[in-house]
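Reader: Could you walk me through the terms used for this model, and what stands behind each of them?
Author: Gladly; here it is.

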Amino acid sequence: MASQDKLTQRPDTLSALLTPPLLKVDGLSVAYGRRTVVDDVGFDLARGRSLALIGESGSGKSTIAKAVLRLLPDGAHADGRIAFNGQDILKQSERHFRTLRGRAIGFVPQDPANALNPVRAIGAQAQEAAALTDEPNKALRKALILDTFAEVGLDNPGRVYDSYPHQLSGGMLQRVLIGLAVLPRPALLVADEPTSALDVTIQKRILDLLSRLQHDLDISLLLITHDLAIASERADKLVVLKDGTVQEAGRTQDVFSAPSSAYARKLHADVPALNPDRYAALRDPGFHRLDGREGTATKIAVEGVSKTFSVDGKSLTAVDRISFSVAAGTTHALVGESGSGKTTTIRLLLGLDEPDAGRITVSGETISGSDRGSQRAVWRHLQLVYQNPFTSLDPTWSVEQLVREPLDRYRIGTVAERRAQVREALANVGLGDHLLQRKPGALSGGQRQRVAIARTLVLRPDVIVLDEPTSALDVSVQADIVEVLLSLQANLGLTYVFVSHDLALVRQLAHTVSVMRKGRIVEHGSVTDIFDTPRQPYTRALLDSIPAGVHASQTATHKAANLRQEIFA
Amino acid sequence: MNRSYLDYAAKRIGQAVIVILLSYVFTFIVVSVLPGDPITNVLRDPQNGFSEQEIQQIIAAQGLDRPVLVQLWASLSQFLSGDLGLSMRSNRPVSTLIAEVLPSTLVLATSGLAVAIVLALVIGYGTQFLPRRYGQGLLRGFPSLFLSVPNFVIGLVLIHIFGFQLGLFRVINADSFWATFFAAVALGIPVSAQIAEVLIANLDHEARQDYAAVARGRGISQSRLFFRHLLKPSALPVVTVVALTVGELLGGSLITETVYGRTGIGSLVQRSVTTQDLPVIQAVVSLAAVAFVVVNLLADLVYPLLDPRVKLIGTVKPRPATGDDAFDDRVEGIPS
């Protein structure tokens, strides 16, 4: 171990001695009016190396990226020093700095779906990037673009060139954007959450692409991410941010394996991928129900259900003869990428769509999308927690109104009883009475999602459908919500159907899993079987895409070290 | 030009024809039920000096003694064959009367629209790039200012400053270049306000989109960002607004023509209304309707060509129906 450390340490110290860092940020503070969002942040990034800024929303990580690119919005004021190649970026005139943008500093944005002008062809926008190469011949520029598209793994560069953004998938668009960013061969690439809007398997491929380009083209990478596992897998150095200040910074291995600050330790503990058994104590009793030791009945049975939609005159089988069952008091996870049929499955489960074939029963009652009366009855058993608590709660209603609404609609109890039930539901999710009169706008993301859960609990359902309930939340908040959900299950015996693309999270809280692909269930079983011995290649691909943190990069370094020994032996 | 676009265009053109016919019928009915009988008011006015025999001749020639529905049918079939009838007052063909004054109004209306668009673009560009300390806020206030001042006031102020004070154009000679220019400015300013309001809102929206930041990250210039990236998506809703301002332009032209002493559709309408010259009124109102419908039709036809994302009617996937239940908010939350 010691010798390996020396091997990996040496290039760092050497390069630091020989050349000044490509990017040196020193005492950077950014304020919007009087509100300081970044406070005295400093770090440096050597040529050809990578550094990750890690933090949750509000940590200032994206603001730092924008400051480096000088894309801060009007009204933001940046102080301190950002030296790129020894020149202070903040002091340069816009006219002068523009020659660096794109040419020397490339930018890969967060959400590829919004990062290209929707009404212009991709080729026209690619030409803007190609113009930075000073190649005067338009035909040569186009050839260069097509070449770059092929290099970033786009199958049909010519077709991509002529397409409009909405005609390509998110993964393809992100490849286009990475291609455009590296095309002028910048020395520094700033990637702001480059994969958080993408499917898991695509995420891994895009990160692999970025790593490969970084090494092949000798580009420095400034990676902005909320995901500690991704950061530690991909970056040489980490800077952990919270509320605009640096909590901890250093070499990845040091920060990852021995975090010194309390915040970094908490961040580490909250990442599902790094802590598969964190909630074992709360979850594991559920397994007893599963193997029949506690003699529980089947709560949900889905038998041979199919659903076909017609889109643009073509018929599309969204769900194809799927079957699964969920034992009472357990959690069943549906995992798969976008378009795999997860959402259609829960729509059918909630009776929002009518299956073309097959049967769905919940607590012995058959769900039918066409009969509104029975649907209302089913909805008292079956409730939904929606993905994004920032849009699922009416901003003009108070917490009390929001949580009481289902009771009002179903005319349950007297006014006093309803009030008591609302308080009980809020207490169940760990919210106090003092929040009753608040509007959603005055709540944090985690509190909003708790309100959304409380809202489903007032009707005392026995099944709750959780549609990516934590994907819009920060990891630490996500951990809170998972804890709330698991303790509710333990206390109230709830059955969950949990839809997620986050396999690490699924492993933490589900008992059984169905892996969906193109409308079919390709594999199902207990969570331990699926995760430990996946039989299908697709499942293996999904599992491989879980970022493993520093262990993966350690083995890579290890491999490199072995290789070096072999060659120089 | 694919199949679905042709279907879409055919459907839109059909709708436009129906709207024009309905507006003709509607105008005809409104004009005929209006209080005041043109025959008594105008023909029998002793000042006009028509003899009873001449009055009967005019009535017979115009077919005014027939039932209203028969008159409507006759008038409509004439209109469809392009014959707008004879003016009751001068006995000249209405189409000739209109042809005499139409060019002047068209020149005024199109140059007014051009002024409006240029002004809106300048204001729009300024709101994106003018630094705050050079009065960006003031610039953003311009549209509401323009909207709140009536265009005849603007017209009179312009005449006063540029005509009387600076002597740039002779107020009497209404057809000189400068007179037309300032008439167009007076007409264009309130119209530019409507266009600018929508343009600014959309520019602000587009400028906040990721792609604008990414494009700037590609090192492109300010003007390229504006004209190549922000303008096109922002201009899409503006196309609709411009089409809707046709009414404003026509109405504004009438007022501006009066203020600037220009002959045009405005003066023709004014004369016909005071003399209750029904065929002329009917023709002008129908022409206005045609102009309005045609311009909006053009906007509808251009829109899908400008925006590659527009889904044409008939290809949109219908959403599953949801009821009036307690959980509708969640139902909508599920993307299908």
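**Cores and domains**

Author: In the largest nonpolar core, with 204 residues, A:Val190, A:Leu222, A:Val239, A:Ala454, A:Val465, A:Val497 and B:Ile195 touch the most other members. The largest share of this core, 16 residues, comes from helix H8 (residues 177-208) of chain B. The model is predicted: local features need pLDDT of at least 70, side-chain atom pairs count only at pLDDT 80 or more, and totals for chains, interfaces and linings use all residues. Residues are numbered from 1 along each chain as its sequence is written, while chains are lettered from A and ligands numbered from 1 in the order in which they are written.

Reader: Why is this called a nonpolar core?
Author: Because the term stands for a set of buried Ala, Val, Leu, Ile, Met, Phe, Trp, Tyr and Cys residues joined through C-beta atoms within 7 Å. Buried means that 20 or more other C-beta atoms lie within 10 Å of a residue's own, with C-beta atoms placed from the backbone. Apart from this core lies another, of 12 residues, including B:Leu84 and B:Leu278.

Reader: What makes A:Val465 in contact with A:Val497?
Author: Two residues are in contact if their C-beta atoms, placed from the backbone, lie within 7 Å. Leaving aside neighbours within four places in sequence, A:Val465 has such contacts with A:Ile346, A:Leu349, A:Leu350, A:Leu382, A:Leu384 and A:Val497.

Reader: Which domains is chain A divided into?
Author: Domain 1 (15-270) and domain 2 (280-533), with bounds from an automatic or database domain assignment. Nine residues of domain 1 of chain A are in contact with eight residues of domain 2 of chain A.

Note on methods: Helix = DSSP H or I, 4+ residues; strand = E, 2+ residues; numbered from the N terminus.
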